[in-house]
Amino acid sequence: MRQRSRTIFLYPLLAALLCFAAAGNAFGQRTASINESPLPAPTGHVNDYAGVIDAATKSNLEQRLRNFKTDSGVEIAVAVVKTTGDRDIFDYSLAVSRGWGIGSTADDNPGALLFIAIDDRKYFTHVSKDLEDELPDGVVGNLQRRFLVPEFRKGDYAKGINDTVEAYIQTYQSHHDGTAPPAQAPTSTRRSSESPVSWSSVFCCLVIILFIVLMVWAGNRQKGGKSKDDHDRWGGGGFGGGGGSVLPWIILGGSGGSSSDSSWGSSDWGSGGSDWGGFGGGGDFGGGGAGGDW
């Protein structure tokens, strides 16, 4: 009887250890993925994985951004996906901007990423640290509401994207020409790039603990001891029965295939030119920018 009591006592402890392991695993994955793009390598400044930008607009915008990079040293990228899955658009797009290395590796490495999730009806523009003076959060948010949202609500995604990018370029150039209006105060759209453990992981841990406690309580309610053929009250579907353990599933449950695998398609409009050499490799983004929905 004492042996059985000690065994039952170990179950909640084991559950707690598994939860810590799962939470640590989720934290490690989240921290690592924030610098690794969930999208494939870019084929140009404009990368349309949702197929919403017509070929002519894409070609013109691509050339406009290349010329702007040559003239100013600023790298602006566009990424359009269907959905970010169950991942928040801020984290997803921040990982893209860092993983793609938008901006140069020099001390002054301005860059920006206009990111759009069509099916989610959300957008976010990340602005690198060296571009925040020219494109502060409040200005970026205002430009998106003026040029992106109205066209998106009409279903004209190509025009909304093109006009918004052009507004960014004009704002940057006006700032350097000394004709820019006073920058608006940053809004609350800035978010920390730190990566805490998601609430979904915490919730899953609590559910596991509750399940274990209920199983132990139910076992204590049963009358009588074990029979000769009763190897374990957990049965074949328990922690060790039937040769199939759920422990690896609990510990590694959060490390399966990423939901982002299905968030982008193969409908990019092309390579954007054979002379594409990639971005500068900077990726110096700290959470500046603005976003919203339409």
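Here is a walk through this structure, from its sheet to one of its helices.

Before we start, keep in mind that this is a predicted model: local features need pLDDT of at least 70, side-chain atom pairs count only at pLDDT 80 or more, and totals for chains, interfaces and linings use all residues. Residues are numbered from 1 along each chain as its sequence is written, and side-chain values use heavy atoms, with hydrogens and water left out.

Let's begin with the sheet. Five strands make an open sheet in the order β1-β2-β3-β4-β5, and the pairing is mixed. At the edges you'll find β1 (46-48) and β5 (289-293), each with a single partner strand, so one side of each is left without a neighbour in the sheet. From one strand to the next, the twist averages 5°. A word on terms: helices (H or I, at least four residues) and strands (E, at least two) are DSSP runs, numbered from the N terminus, and two strands pair if DSSP finds at least two bridges between them.

Now zoom in on β4. Six bridges join β3 to β4, and these two run antiparallel. They form a hairpin with four residues between them, and Arg121 in the turn has a positive phi of about 60°. Phe115 has Phe124 in β4 as its bridge partner. On to β5: five bridges join β4 to β5, again an antiparallel pair. Here Phe124 is partnered by Gly291 in β5, while His126 stands opposite Gly289 in β5. Five of the six residues of β4 are buried (under 20% relative accessible area; exposed is over 50%, partly exposed in between, with a 1.4 Å probe and protein chains only), so β4 is largely enclosed by the rest of the structure.

Over in strand β2 sits Val81. With 0% relative accessibility, Val81 counts as buried. Val81 and Ile116 are 35 residues apart in sequence, yet 6.3 Å apart in space, C-alpha to C-alpha.

Finally, look at helix α5 (residues 157-177). Its 21 residues reach 30 Å from the first C-alpha to the last, close to the 30 Å expected at 1.5 Å a residue (that is, 1.5 Å times one less than the number of residues). Its buried residues include Tyr157, Ile161, Val165 and Tyr172. What do the buried residues of α5 pack against? They pack against α2 (55-72), β2 (75-81), β3 (111-117), β4 (122-127) and α4 (137-153), where contact means heavy atoms within 4.5 Å. Just after α5, Gly178 takes a positive phi of about 80°.

Definitions and conventions. Axes are lines fitted to C-alpha atoms, for helices over the stretch in contact, and angles run from 0 to 180 degrees between N-to-C directions.
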